[in-house]
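Dear colleague,

Here is the structure for your files. My notes follow below it.

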Amino acid sequence: MSKESYIILKNNSLPVDFREIPVLEYTMFYDLVKSLLIEEFRHSVAYYALESDQKLKFICCIADDYSHEIFVFSHEADIKEHSLKSITPECLQIQNFEREIYENFGINFEGHPWLKPVRYSYHRADKSKVMDNYPFFEIESEELHEVGVGPIHAGVIEPGHFRFICNGENVLHLEIQLGYQHRGIENLFLEKENPIQRCILSESISGDTAIGHALAHAQLIESLAGITVSNRLQIERCIALELERLAVHIGDTAALCTDVAHQLGQVVCEALRTTIINTTQSWCGNRFGKGLIRPGGSYYPLNETVIKGIEKVLENTGKRFMKLTDLIYSLPSVLSRFDGIGIVTKEQNQKIGTVGMAARTTGIPRDIRSSHPFQYYQSYKVEPVLTHSGDVLARGMQRNMEARDSIKIIRELISEWKKLSDEPQKPEYNYHIKPNAFAISMVEGWRGEICHSAITDEKGEIIHYKIKDPSFHNWMALALAVRNQEISDFPICNKSFNLSYCGNDL
Amino acid sequence: MRSHGIQFVPDLKKVELTPLFRGRPEISDDITVEEINYASKICPTDAIITDEFAIDLGKCVFCKECAFALPDKIRFTNDYKIATNKRSNLIIKKGDSAVDFDDNAVRKEIKKVFKNSLKLRQVSAGGDNSCEMELNAAGNVNFDMGRYGIEFVASPRHADGIVITGPITGNMAEALQICYDAVPSPKIIILTGTDAISGGIFNDSKALNRSFLDKYPVDLYVPGNPAHPLSFINGILELIGR
């Protein structure tokens with residue numbers, strides 16, 4: 001495939017001219033996706049369509065983890081075009097992207113094995129498709145039964161519907177219907193022109209990843225507007241991101257313990273998570289870090305007092321977390337519930353394009369901090385933490401190890417921060433965005449790869465804003481994990497992933 | 001018994017949060033028309049009512065941008081007691097120094113029936129999961145609202161009311177209605193988080209359907225982005241008269 005078939009971007013680099021993105025015939029487009037994705041070190045980070053000049057424009061971004069590059073190319077079709085050959089049978093990881101385009105624009109991807117709505121967006125092409133008539137997969141048999149769960153679940157969590165087909169206690173198949181959380185957030189990024197509004201929106205994409213998504217947005221704006229930020233700010237953002245990762249991993253360890261009735265693990269981890277998010281609160285006034293990340297700077301620069309608070313909590317909470325997890329992961333009663341449960345194999349993860357910590361539980365070194373480094377991770381190298389068994393135990397251990405790793409990273413970043421004498425930067429809201437630009441921004445949130453990308457018109461107005469939460473890839477991994485498991489193991493499988501409903505539903 | 005542990009927060013009504021916590025705002029008496037207009041221009045959710053020199057906490061997302069722009073005129077205190085039973089009490093005028101709770105407006109049966117035990121069914125309807133996490137935290141070992149007999153339950157049949165988070169999406173409207181109908185009377189409705197109270201930043205999204213709120217009276221509003229567990233717990237304690 002010739003180099004002219006795509007343009008090359010780096011994560012969070014200066015934008016490219018939107019008009020320079022090569023437009024390929026669909027057969028070439030198809031072949032290019034297929035040939036690029038043959039390599040295991042590449043995966044699709046974004047593939048979406050938008051209306052532009054009475055045409056449908058399809059943009060595809062494929063990331064190469066070795067060369068740290070992102071290949072961007074496109075295809076155009078007449079707006080009346082209704083059918084294209086599906087890439088999914090050849091590259092399964094494309095499945096959800098094609099479903100999304102199908103839902104929003106009515107493109108029928110021929111040969112797609114699972115062409116179903118993704119989230120019932122309000123701007124979907126076919127309004128006769130509603131939440132109530134979702135086409136669930138069915139198996140005719142007198143021996144099987146179905147179990148429906150949700151949208152409202154037993155606990156205080158977000159809504160989604162799970163439909164199990166079971167043979168006795170065993171799950172043959174799980175189908176996950178989402179969309180209940182759809183707030184139309186992507187279009188709000190266009191409708192709301194006040195830069196502060198966009199910041200608030202970015203923090204509300206998925207509240208448990210407020211820092212991750214706000215950072216992806218801030219980076220994207222900085223790319224589009226040509227704003228550079230100091231090392232100091234970059235370090236502070238990385239510290240915030242690692243605090244978020246640490247807090248969630250501890251909280252999810254509590255959740256895993258809850259579901260196997262290990263009360264000590266549950267209550268102590270809940271208390272330990274509190275200490276971390278309260279530290280974030282004493283830094284910026286919000287336990288989830290909302291308000292901390294803004295384009296160009298922050299109203300909450302780190303200072304000695306906050307640093308001391310962070311160091312103290314890492315010391316105390318870190319020690320207690322390590323002691324506790326050493327206990328949790330040596331208890332036979334816990335291990336027997338985690339070990340070998342909900343396995344997703346490396347091959348499956350590779351095929352469906354799993355990202356983030358879920359991918360890393362099968363030894364796939366997919367971590368944007370090292371493969372497409374952003375902020376201070378460009379200078380401070382992060383080695384992906386890997387586990388290998390792909391089961392609930394691996395996802396628990398992955399959290400345990402990543403939490404410890406984050407503690408180490410934060411400590412080292414603090415010592416880097418102490419060497420600097422940069423002045424704090426204030427947020428920049430009076431930015432001027434480059435016209436006719438395309439930019440992409442990726443962040444490794446605690447779940448995995450977050451991707452924001454935007455396109456501007458000739459006046460420098462954002463005309464398209466695309467958000468991808470890691471959950472968009474990983475819900476399929478959860479569906480695969482519970483196959484041939486007892487239905488009673490669904491809760492721990494679910495908690496071990498802890499995927500975002502609102503991040504998927506947008 | 002002392003060796004069996006400690007109550008992390010002995011008195012939930014007297015906690016002092018970190019000074020930076022963004023709670024109840026205060027508007028200085030000498031704020032000018034120009035200044036309030038300027039603040040209103042900055043505000044991402046139209047929470048500033050210029051002709052009343054006021055901030056509507058039902059719309060405010062507590063980003064503090066107005067206070068950064070006018071540090072001498074608007075400040076956010078660390079007061080987390082901002083839940084109230086009347087929508088109009090969420091409007092903080094210049095000079096106001098507390099969010100009032102109107103005891104007389106509470107339905108009589110609420111205190112009588114729920115004072116010693118209140119079971120709630122939570123419905124997330126477009127919430128970003130931060131409010132949901134804070135509601136979970138309200139019951140954890142740290143805040144332990146269970147000490148007052150306040151708990152979340154799985155079935156609406158076992159519940160005394162619903163707690164709504166999120167701006168209420170069209171896709172969740174029917175499920176919310178079914179859930180509410182399944183709760184036996186007398187029952188209460190609590191809106192938690194700015195998104196639930198006004199739609200927040202999602203206010204004018206075409207994906208919402210907030211018609212549920214036109215049909216029923218709301219018993220408690222808990223502002224926040226997300227609502228802090230202490231705002232939620234203290235609001236309920238006022239409502240049930242504890």
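In chain B, 78% of the contacts between residues at least 6 apart in sequence join residues at least 24 apart. Contact here means that the C-beta atoms, placed from the backbone, lie within 7 Å.

This is a predicted model: local features need pLDDT of at least 70, side-chain atom pairs count only at pLDDT 80 or more, and totals for chains, interfaces and linings use all residues. Residues are numbered from 1 along each chain as its sequence is written, and chains are lettered from A and ligands numbered from 1 in the order in which they are written.

More on chain B. Of its 242 residues, 51% count as buried (20 or more other C-beta atoms within 10 Å of the residue's own, again placed from the backbone). Chain B has 8 helices and 10 strands (DSSP runs, numbered from the N terminus: H or I of at least four residues for helices, E of at least two for strands). Its radius of gyration, taken over C-alpha atoms, is 18 Å, close to the 18 Å from the globule rule for 242 residues, so chain B is as compact as a globular protein of that length. That rule is 2.2 Å times the number of residues to the power 0.38. Along the principal axes, the C-alpha atoms of chain B fill a box of roughly 55 × 50 × 35 Å.

Now chain A. An open, antiparallel sheet there has 3 strands in the order 9-10-11. Strands 9 (145-149) and 11 (170-177) of chain A are the edges, each pairing on one side only. Pairing takes at least two DSSP bridges. Strand 9 and strand 10 (residues 161-167) of chain A share 5 bridges, in the antiparallel sense. Glu146(A) stands opposite Ile165(A) of strand 10.

Best regards

Notes:
A residue is buried if 20 or more other C-beta atoms lie within 10 Å of its own, exposed if 12 or fewer, and partly exposed in between; C-beta atoms are placed from the backbone. Two residues are in contact if their C-beta atoms, placed from the backbone, lie within 7 Å.
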